[in-house]
Amino acid sequence: MSNSTKPKRIGILTAGGDCPGLNAAIRGVGKTAIVEYGMEVLGFNAGYSGLINGDYIELKESALSGILTLGGTILGTSREKPFKMAKNGDPHKPEKIKQTYKDLELDCLVCIGGNGTMKTANMLGKEGLNVVGIPKTIDNDVWGTDVTFGFDSAVQIATESIDRLHTTANSHQRVMIIEIMGHHAGWLALYSGLAGGGDIILLPELDYNIRSVCKKIEARYEDNKPYSIVVVAEGIDHPKGVSAASHVGKAIQTYTGIETRETVLGYIQRGGSPTPMDRILATRYGAFAAKCIADENFGTMVAIKNNELTTVPLEEVGGKLRLVDEDFPLIDKARKMGVSFGDEYL
Ligand code: F6P
């Protein structure tokens with residue numbers, strides 16, 4: 001690894017599930033690195049796979065123009081975890097990564113991703129590579145930062161979808177269940193559920209009881225509210241082999257006798273152009289990551305705390321999740337307005 005005092009050549013990769021704003025972040029790092037600090041920038045294709053295989057492109061300043069508003073990632077992504085020795089897998093992946101880094105004379109690697117990506121980035125740091133992480137994910141569950149880019153865009157898509165369910169639910173006097181992404185964290189279900197006027201919101205972090213959910217729906221009917229919107233995170237407790245929405249919907253229909261319909265929003269939530277807020281957030285993160293490299297502040301993840309840019313050691317981030325706490329103020333406010341989290345009527 002180079003020990004030069006001023007980093008000159010950097011590599012960027014995007015890993016894990018994609019989200020809106022990745023290109024804005026690539027552009028933010030790349031343009032700042034080139035224009036402000038005179039660095040050379042390489043982009044690795046398909047996440048950590050590109051680093052293992054030496055598959056990269058040179059990112060000149062001109063290549064970074066016109067990508068701010070694009071969804072997805074111009075570098076591609078993958079869920080490659082080089083330190084996880086899969087059965088029949090290649091145990092030499094970390095060595096190959098170190099070789100690529102050395103051969104290309106890199107001074108730093110910028111890893112844009114979620115929790116898994118940060119964990120790998122930290123391990124690469126321990127192997128002697130200079131790394132800087134940038135947190136992204138629609139799930140908003142990266143530990144150490146208040147917000148990840150991709151989240152605002154996904155909240156907008158999910159909210160618009162919930163808005164559309166209201167009219168058809170009202171016309172047919174049905175219970176509409178909408179399943180929102182989030183295996184472990186319910187941030188997206190919570191924010192879109194509240195923004196979209198959901199009557200019941202079920203999160204992986206809070207235990208729900210189906211009887212309580214049904215009582216809430218029946219109470220609404222008795223109160224001349226002939227339809228209900230139930231927002232469920234995909235990670236709530238439900239049997240394997242069926243979707244969370246289907247499980248909850250069937251139970252509601254069985255217990256209340258009210259007609260239910262289910263919508264699983266799926267990958268729509270991860271696609272398309274980033275919102276202006278995500279473009280700004282990704283740009284701020286990217287530009288700050290370039291500054292971290294210039295300052296040789298390695299082994300860190302850029303973060304936002306109280307709307308201020310800062311860094312947290314990657315060592316602290318790896319392997320942790322930022323989950324919704326039941327004392328989160330928004331939950332209390334919602335409860336006081338009559339929103340149910342599936343645990344009130346017991
Ligand atoms: O990006 C996060 C996330 O969207 C989760 O909410 C979801 O469960 C997961 O990725 C699924 O992604 P994939 O099918 O690409 O592994």
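Strand β6 (residues 175–180) and β9 pair in the parallel sense, over 5 bridges; pairing takes at least two DSSP bridges between strands. Helices (H or I, at least four residues) and strands (E, at least two) are DSSP runs, numbered from the N terminus. This is a predicted model, where local features need pLDDT of at least 70, side-chain atom pairs count only at pLDDT 80 or more, and totals for chains, interfaces and linings use all residues. Residues are numbered from 1 along each chain as its sequence is written, and side-chain values use heavy atoms, leaving out hydrogens and water.

**The sheet**
- The open sheet has 4 strands, ordered β7-β8-β6-β9, with parallel pairing.
- At its edges sit β7 (200–202) and β9 (260–264), each pairing on one side only.

**Helices on the sheet**
- Helix α6 (residues 187–195) packs on the sheet and touches β6, β7 and β8 (228–233); contact means heavy atoms within 4.5 Å.
- Helix α8 (residues 244–256) lies across β6, β7, β8 and β9.

**Nonpolar cores**
- The largest nonpolar core has 80 residues, and Phe149, Val248 and Ile252 have the most contacts inside it.
- Such a core is a set of buried Ala, Val, Leu, Ile, Met, Phe, Trp, Tyr and Cys residues joined through side-chain atoms within 4.5 Å, with buried meaning under 20% relative accessible area (1.4 Å probe, protein chains only).
- Helix α9 (residues 276–294) gives the most to this core, 9 residues.
- A second, separate core of 24 residues includes Tyr48, Leu104, Leu106 and Met118.

Methods
Axes fitted to C-alpha atoms, helices over the stretch in contact; angles between N-to-C directions. Buried < 20%, exposed > 50% of the residue type's maximum accessible area, 1.4 Å probe, protein only.
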